[in-house]
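My notes follow in the order of the look-ups.

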Amino acid sequence: KQNLSGKVAYVSGAASGIGAAIARVFAAEGASVLLGDVQVERGETVAAHIREQGGRALFIHHDVSDERQWESALACAVEEFGGMDLLVNNAGIEQTGLLADVELADINKLLAVNVAGVILGHKHAIRTMRPGGSAGKGGSIINLSSVAGLIGTPALGVYSATKGAVRLLSKAAAVECGRLGYGIRVNSIHPGLVDTDMGVKLVDDFVGLGVFADRETALRQMLETYPIGRTGVPGDIAGTALFLASEQSSWITGTEIVVDGGMTIS
Ligand code: NAD
């Protein structure tokens, strides 16, 4: 039996990396998946590939920092797939730089996408999923935070602040949705370094800032901090998202799952 048959999922930032992997795994497990992203061509390609594999998937252009686009995204899930059970707030951007050099425009950009975008996702998903909403049968919200939302990392201050916010938002939302009887669970995932566009840029930025001499040294030194001996691949995170989306985690809410090969405990 497929884990998500009959479920409808919305994955933000699904054109690339972790979001694309989650969309693929959810569809393979029987969910109808709406993929949103600002990268239209790549997003369409991921959705088309899922359909070629026999899955149900649709792509829409969606900037998570725009509230009206959240309204249309959720309405689209309900119209096209008849409901909304699973929301993955995956879209995110990073910015590397020293706090002494930070620009207000960059702070605001990160807050708009990584924090406001996630809060707006909760607002519109809750309205749709809760009893009385247009889907009305509860669901699961999964938020992509980061190990940077748990421990300090040099040159990632602004990004860390946004990911710490996502961690606590998840817990507040879990309590609110539980106490108010919405039947919606909310949890956060905290990946370590994952091989995606963002992961590659992060390493390059660290090299650019002089934290590491070059890319090779960066990867070697970073790997030493991962007891499992490798950095992550998008599928590592998609498996965790699948667990949090499925009934197997039906008594889990407000928790944080660290998926980092043991980096934060070593
Ligand atoms: P990625 O850059 O490969 O993918 C992020 C996607 O989000 C892109 O397709 C991008 O177009 C999209 N996006 C950016 N701004 C958007 C917006 N305003 N509206 C909609 N979509 C937008 O990165 P990834 O590594 O797959 O990251 C996915 C999530 O995982 C992010 O929230 C990231 O912070 C988090 N994360 C990544 C890593 C890592 O090492 N890669 C580690 C920890 C956490």
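I looked up H1 and H8 (residues 234-245) first: their axes come within 8 Å and cross at roughly 50 degrees. H1 and H8 are therefore oblique to each other; I count angles under 35 degrees as roughly parallel, over 145 as roughly antiparallel, 65 to 115 as roughly perpendicular and the rest as oblique. The axes are lines fitted to C-alpha atoms, for helices over the stretch in contact, and angles run from 0 to 180 degrees between N-to-C directions. Helices here are DSSP runs of H or I with at least four residues, numbered from the N terminus. The crossing of H1 and H8 is right-handed, meaning that the near helix is turned clockwise from the far one by less than a right angle.

A note on the model: it is predicted, so I kept local features at pLDDT of at least 70 and side-chain atom pairs at pLDDT 80 or more, while totals for chains, interfaces and linings use all residues. Residues are numbered from 1 along each chain as its sequence is written, and side-chain values use heavy atoms, without hydrogens and water.

Next I checked H1 against H2 (residues 40-52), where the axes come within 10 Å and cross at roughly 20 degrees. That angle makes H1 roughly parallel to H2. This crossing of H1 and H2 is right-handed.

I then took H3 (residues 67-81) and H4 (residues 104-129), which pack at about 40 degrees with axes 10 Å apart. H3 and H4 are therefore oblique to each other, and H3 passes H4 in a right-handed crossing.

Turning to the ligand, I found 29 residues around it, of which Ser-16, Asp-37, Asn-90, Tyr-159 and Thr-196 come nearest; a residue counts as near if one of its heavy atoms lies within 4 Å. By class, I list 13 nonpolar, twelve polar and four charged residues in the shell, with Ala, Val, Leu, Ile, Met, Phe, Trp, Tyr, Cys and Pro as nonpolar, Asp, Glu, Lys and Arg as charged, and the others, Gly among them, as polar.

H1 (17-28), H5 (157-179) and H6 (197-208) each supply at least two residues of that shell. H6 gives the most, with three residues.

For polar contacts I used pairs of N or O atoms within 3.5 Å. A side-chain N or O atom of Tyr-159 is 2.6 Å from a ligand oxygen. A backbone N or O atom of Asn-90 lies 2.8 Å from an oxygen atom of the ligand.

Key
A polar contact is a pair of N or O atoms within 3.5 Å; within protein, one must be able to donate a hydrogen and the other to accept it, and residues adjacent in sequence count only if both atoms are side-chain atoms.
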